Amino acid sequence: HTNIKFSASKKQRPDFTSQSISQNFGYNWQNSKNIKHKFNIIEMSFLKIGKINSYIQEQINENPFLNEQFEDKLIPATNYTFIYNTQQIYRPKNYSYFRIKIETSGNLFQSISSVVNLNRNNNNDYIIFGNPFSQYFKTDFDLRRFLVFQEDKILALRIFSGLGYAY
């Protein structure tokens, strides 16, 4: 199946406001009843930070690493997800669920930027549409095991972990 998604959101918190616009283009397919794949060729998000209260601004001033969390960003990502699920709906029996996701952001934009000689900001980051774009690699996995003793008595075990590297 081909997926095309568009979304927009606005957050209004006491400490800051933000707006985001996202689009996604990709494919989902299933090659057996238990195995699914998701491949998002391009997942583009734009995040705009609005007002920041004085407390958050003080925290940013004291810790420069927080600054990147509160700046406008363009996030061009590509990701692949593999899912293995043995759950059978309406059949109370033990089942397993495993999901792994691999995502990278900014590599294509970085290559294009150096070829077409885009402008850079004060941090030497390339600028597209007036904003720097994120560059990272991340992966995460989710493993679950459900032990069904009775229809209303289920023990759920879960391990979730991930690793990311921003550059």
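Biologist: Why is the pairing of K73 with E71 called a salt bridge?

Modeller: The closest N and O atoms of K73 and E71 are 3.0 Å apart. A salt bridge is a side-chain nitrogen of Lys or Arg within 4 Å of a carboxyl oxygen of Asp or Glu, so the pair K73 and E71 qualifies. The structure holds 7 salt bridges. This is a predicted model, in which local features need pLDDT of at least 70 and side-chain atom pairs count only at pLDDT 80 or more, while totals for chains, interfaces and linings use all residues. Residues are numbered from 1 along each chain as its sequence is written, and side-chain values use heavy atoms, with hydrogens and water left out.

Biologist: How do you know whether D142 is buried or exposed?

Modeller: The relative accessible area of D142 is 1%, so D142 is buried. D142 is placed in strand 8 (residues 136-150).

Biologist: What makes the approach of D142 to R158 a polar contact?

Modeller: Their side chains come to 2.9 Å. A polar contact is a pair of N or O atoms within 3.5 Å; within protein, one must be able to donate a hydrogen and the other to accept it, and residues adjacent in sequence count only if both atoms are side-chain atoms. The value of 2.9 Å therefore falls inside the limit. D142, R144 and R158 are also linked in a network of salt bridges.

Biologist: Why does F39 count towards a nonpolar surface patch?

Modeller: Patches are made of residues with over 30% relative accessible area and no salt bridge, like charges being joined within 9 Å and nonpolar side chains (Val, Leu, Ile, Met, Phe, Trp, Tyr) within 5 Å. Together with Y27, W29 and I41, F39 makes a patch of about 350 Å². Strand 2 (16-30) and strand 3 (35-52) each give two or more residues to the patch.

Note on methods:
Areas by Shrake-Rupley, 256 points an atom, 1.4 Å probe, with all protein chains shown as cover. Helix = DSSP H or I, 4+ residues; strand = E, 2+ residues; numbered from the N terminus. Buried < 20%, exposed > 50% of the residue type's maximum accessible area, 1.4 Å probe, protein only.
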